[in-house]
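Hello,

Here is the structure I said I would pass on. My notes on its charged side chains follow below it.

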Amino acid sequence: MNKLLIVGTVAFDAIETPFGKTDKILGGAGTYIGLSASFFNLQSAIVSVVGDDFPQEYLDLLTERNIDISGLEVVKGGKTFFWSGRYHNDLNSRDTLDTQLNVLADFQPKVPENYKNADVVMLGNLHPLVQSSVIDQMTTKPKLIVLDTMNFWMDCALPELLHVMKRVDVITINDEEARQLSGEYSLVKAAAKIQTMGPKYVVIKKGEHGALLFQDEKIFFAPALPLEEVFDPTGAGDTFAGGFAGFITQSENISFENMKNAIIYGSNLASFCVEKFGTERMVALDKKDVVSRLEQFKSLTQFDIEI
């Protein structure tokens, strides 16, 4: 089986939406990416850090999904990264109530020896210097490196972000971030400018409005599945990234045509993530549900037309 290396936070979240609120629950980009990628036929490992307050049951959950956690450092006496946020009624905007970096503040990623030759590397949303240090540790050039980032790093670590972008193949960001990074309002122009910064492929996530894939002059759009209920959007972008990277890893095909399928798989898995708080829906999800919803995606997007 091919190998997927995942780098990202494993964390506690406390979430409030118009539909309810939670105390500390399992979260973090690395967690969502790992759970999403576990639906594919591959080997995966998460590189991250937690404190010794992180419950054994959460570690067991990851290993039960065949996720290698030998690169998940547990700091004795340390506290796990914590984020708390409140979503507005439209669920597209939110306020951060609390961020406690804790052990993440001094995180130095250590890639397990048997994943230094991973086929695909998925760099979750972390400081660009941390992302670069993971690439430095690879002994074999990956077939594909995917980078996720956010406006926070554009504001406070732009030179470091631009440096790591030169080293990756795909960048995934949302529409606002694409506009900020490029200085262009048109997403077509924004993607073209971002490609000059390094990545061959640009994926722009538009939440409930789907996702766009760009390479040179080629563009592909995948809609988001219209859902009866959206409960909590936390982790949807990371779940999308895990589905995208997982499909590419399993299929061994990094062409634009195959990335179209990867976008659909990512969107499909993200549509489940938003149906419950945190990781709850992804944990309960089974492959039959995934296949059934893929059929819905197919019927949503396919049509015959005479031209």
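**Salt bridges**

Arg 281 is buried, at a relative accessible area of 17%. The model is a predicted one, and the notes below should be read with that in mind.

The side chain of Arg 281 forms a salt bridge with that of Glu 275, with N and O 2.9 Å apart. Glu 275 has 21% relative accessibility and counts as partly exposed. Arg 281 falls in the buried class because its 17% is under the 20% cut-off.

In total, the structure contains twelve salt bridges. Another of them joins Asp 136 to Arg 167, where the closest N and O atoms are 2.8 Å apart. Asp 136 is exposed, with a relative accessible area of 54%, whereas Arg 167 is partly exposed at 28%.

A further salt bridge lies within one helix. Lys 260 and Glu 257 are both in helix 9 (residues 256-273), three residues apart, which is about one turn of the helix. Their side chains meet at 3.2 Å, N to O. Lys 260 is partly exposed, with 23% relative accessibility.

There is also a network of salt bridges, which links Asp 119, Lys 143 and Glu 252.

Regards

Terms used
Residues are numbered from 1 along each chain as its sequence is written. This is a predicted model: local features need pLDDT of at least 70, side-chain atom pairs count only at pLDDT 80 or more; totals for chains, interfaces and linings use all residues. Side-chain values use heavy atoms; hydrogens and water are left out. A salt bridge is a side-chain nitrogen of Lys or Arg within 4 Å of a carboxyl oxygen of Asp or Glu. Buried means under 20% relative accessible area, exposed over 50%, partly exposed in between (1.4 Å probe, protein chains only). Helices (H or I, at least four residues) and strands (E, at least two) are DSSP runs, numbered from the N terminus.
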